[in-house]
Amino acid sequence: MNLRSESAPIQAVKREFPYNVGSLTWDAQHKSNDQQVYCYCGGPGNCYLKMLQCCHCRQWFHEACIQCLKHPLLYGDRFYVFICSVCISGPEYVKRLELSWLDIVHLVLFNMTFQDRKSVV
């Protein structure tokens, strides 16, 4: 059995961004920037979708570009502490925060509403 062919390819740890983070113009809540440049990939994004924000550089990262996630993200799920590989100078760090029942209900309702809107479009 060849494990390498059955698993996702191992990606190199990102040590820098392909853009100048300091040149981005952010909104007051640091949820979007005018240039629409996010993540390791430099692609567009929406913080309400499946993205996490690094608690050091405050940049947003796509779920698909984050290597350390063990489970898929839910839409609007911000209950994580995440540090990107650029800030930590090594493998990413992610920790799931404890959720109250109220947090869980809000997250489930948001996902149900979001999924309902996607099916209408």
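Where is the place of His30? Select it and see: His30 sits in the loop between α1 and β1 (51-53). Keep in mind during the tour that this is a predicted model.

**Stop 1**

His30 isn't a glycine, yet its phi is positive, at about 55°. Is His30 buried or exposed? With a relative accessible area of 12%, His30 is buried, because buried means under 20%.

Now click on Arg58, in the loop between β1 and β2. Here is another residue that is not a glycine but has a positive phi, this one about 70°. Arg58 has a relative accessibility of 38%, so it counts as partly exposed.

**Stop 1: Asp77**

Next, select Asp77. You'll find it in the loop between β2 (60-62) and β3 (80-83). Its relative accessibility is 1%, so Asp77 counts as buried.

What does the side chain of Asp77 reach at 3.1 Å? Show the backbone of Phe79: the answer is its backbone nitrogen. Then show the side chain of Arg96, which makes a polar contact with the side chain of Asp77 at 2.8 Å.

**Stop 3**

Pick out Val105, which belongs to helix α3 (residues 101-120). Val105 has a relative accessible area of 41%, so it is partly exposed.

**Stop 2: colour by confidence**

Last, colour the chain by pLDDT. The mean for the protein chain is 85, and 85% of its residues reach 70 or more. Which element has the highest confidence, and which the lowest? Strand β3 comes out highest at 96, while helix α1 (residues 3-6) is lowest, with a mean of 37.

Finish by selecting residues 1-10, where pLDDT stays under 50. For this stretch the model has 2 contacts beyond four places in sequence.

Technical notes: Residues are numbered from 1 along each chain as its sequence is written. This is a predicted model: local features need pLDDT of at least 70, side-chain atom pairs count only at pLDDT 80 or more; totals for chains, interfaces and linings use all residues. Side-chain values use heavy atoms; hydrogens and water are left out. Helices (H or I, at least four residues) and strands (E, at least two) are DSSP runs, numbered from the N terminus. Buried means under 20% relative accessible area, exposed over 50%, partly exposed in between (1.4 Å probe, protein chains only). A polar contact is a pair of N or O atoms within 3.5 Å; within protein, one must be able to donate a hydrogen and the other to accept it, and residues adjacent in sequence count only if both atoms are side-chain atoms. pLDDT is the predictor's confidence in each residue, from 0 to 100. Contact means heavy atoms within 4.5 Å.
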